[in-house]
Amino acid sequence: MSMAGLLTRANKVLINNVRRFPVVFTRATGSRVYDAEQKEYLDFLSGIAVQAVGHSHPRITAAIQQQAEKIIHVSNYFYLEEQIELAEKLATLSGLDRVFFCNSGAEANEAAIKLARKYGRQQLGGKYEIISAYDSFHGRTFGALAATGQPKYQESFRPLPAGFRYAPFNNLQAWEEAISERTCALLLELVQGEGGVNPISPDFLKGLAEICRQKQILLIFDEVQTGLGRTGKYFAWQHLGIKPDILTSAKALGEGVPIGAMLASEKIATAFQPGDHSTTVGGGGLAFSVGLEVLRIMEEENLPIRASHLGQELIALFQKWQNEIPIIKEVRGWGLLLALELSIPVQPIVLKCFERGLLINAVAPKAIRLLPALNIEQQDLEEGLRILKQVLMETAEE
Ligand SMILES: Cc1ncc(COP(=O)(O)O)c(C=O)c1O
């Protein structure tokens, strides 16, 4: 069927809950995606930081096939060998002790919020309040939404669950003022992804960690977007050496197969007892086997280190572009989670790139986000950069 025909059908039957590009994709490999008319696109969005090892990686495909033939799902009343192995690997990589598997980033954050609340109730004299940052993004389910410090996502859905407060990112004094005797946990992204790619300031984080230590407050890091090598380390907390009590991960772990993970230190994790929290599938065999294979590929190919080096090279390149293209105001990010802040609205630029075969997105009205696969081939990277630069230059001259 023609793409126009497919789009007509889509627009009749799909709920219009996101602004979609007018395209139907039919296949993808590495960092290249193909639409129903065989047009090729370079993918600098990676399914929003999901396809960390590229599309249809042969080892991921093989892992899914093998697991599908072996065992997929038995319910959370039982164990799977792959689940145990993945939990062990994630615990080792994250520096935490225990894992709860679910199906998405939002669900991982729901679990983190509930665990912090239960621990607060039991061990911290009934403290229950969670403070998160303005411009944060933690997901669309009600708890995660209540923790998301962006009114534009919240307004239509009030009343939201109680017990959430917000403070400006990187402003220690404001957090000191927001913290009260009711505060049980601080929830933070180390680079705010959806909020515009805003890296945390090391001094701010150090200050918060010290307050948490003094006042018995838990530190929760949402590494759904930053996790698994994206910023140049397996987990972004490893850049700054401040380990959280609870950490959430998702996106790249499943490469498109739904999975989320909430990790916690032994002391905190034991607050959950049988019956406190669960989900029927909770990852499942396909997702666990994909997670294991992704981690093997990342380790064998040193992908976090590659992301770090490539990120530094790209930042240096974009800084050079700033001399030639005056609409680029700022370049920011860690590893391969990058943004270009422009002096003008970026949506027309995003659409022009799309028309010329490059997938990027506007993470803020004036900021473009770049999230290439951690193993993007040099040729694909250069080709995508050529399109981006050309579009930026043309726009600057208009
Ligand atoms: C930092 C962060 N947390 C949570 C989420 C929600 O994850 P999901 O869309 O898998 O529910 C996202 C999604 O973009 C995210 O970037």
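1. Helix 13 (residues 303–324) and helix 15 have axes that come within 12 Å and cross at roughly 25°. Here axes are lines fitted to C-alpha atoms, for helices over the stretch in contact, and angles run from 0 to 180 degrees between N-to-C directions. Helices (H or I, at least four residues) and strands (E, at least two) are DSSP runs, numbered from the N terminus. The two helices are therefore roughly parallel to each other; angles under 35 degrees count as roughly parallel, over 145 as roughly antiparallel, 65 to 115 as roughly perpendicular and the rest as oblique.

2. The model is predicted: local features need pLDDT of at least 70 and side-chain atom pairs count only at pLDDT 80 or more, while totals for chains, interfaces and linings use all residues. Residues are numbered from 1 along each chain as its sequence is written, and side-chain values use heavy atoms, with hydrogens and water left out.

3. Helix 13 and helix 15 cross in a right-handed sense. A crossing is left-handed if the near helix is turned anticlockwise from the far one by less than a right angle, and right-handed if clockwise. From helix 13 the contact takes Arg-306, Leu-310, Leu-314, Leu-317, Phe-318, Trp-321 and Glu-324, and from helix 15 Gln-378, Leu-381, Leu-385, Leu-388, Lys-389, Leu-392 and Met-393; contact means heavy atoms within 4.5 Å. By class, ten of the residues in this contact of helix 13 with helix 15 are nonpolar, one is polar and three are charged. Ala, Val, Leu, Ile, Met, Phe, Trp, Tyr, Cys and Pro count as nonpolar, Asp, Glu, Lys and Arg as charged, and the others, Gly among them, as polar.

4. Helix 15 (residues 378–397) also packs with helix 14 (residues 347–355), at an angle of about 135° and with the axes 10 Å apart. Helix 14 and helix 15 are therefore oblique to each other, and helix 14 passes helix 15 in a right-handed crossing. Ile-349, Lys-352 and Cys-353 of helix 14 meet Ile-387, Leu-388, Val-391, Leu-392, Glu-394 and Thr-395 of helix 15. The contact of helix 14 with helix 15 holds six nonpolar, one polar and two charged residues.

5. The axes of helix 4 (residues 81–94) and helix 12 (residues 285–300) come within 9 Å and cross at roughly 40°. That makes helix 4 oblique to helix 12, and the crossing is left-handed. Among the residues in contact are Leu-86 and Leu-90 of helix 4 and Phe-288 and Leu-292 of helix 12. The contact of helix 4 with helix 12 divides into six nonpolar, three polar and four charged residues.

6. Around the ligand there are 13 residues, of which Gly-105, Ala-106, Asp-222, Gln-225 and Lys-251 come nearest; a residue is near if one of its heavy atoms lies within 4 Å. A polar backbone atom of Gly-105 is 2.8 Å from an oxygen atom of the ligand. An N or O atom in the side chain of Asp-222 is 2.7 Å from a ligand nitrogen atom.

7. Most residues other than glycine have a negative phi, and most peptide bonds are trans. The peptide bond from Arg-158 to Pro-159 is cis, with omega near 5°. Asn-170 is not a glycine, yet has a positive phi of about 65°.

Methods:
A polar contact is a pair of N or O atoms within 3.5 Å; within protein, one must be able to donate a hydrogen and the other to accept it, and residues adjacent in sequence count only if both atoms are side-chain atoms.
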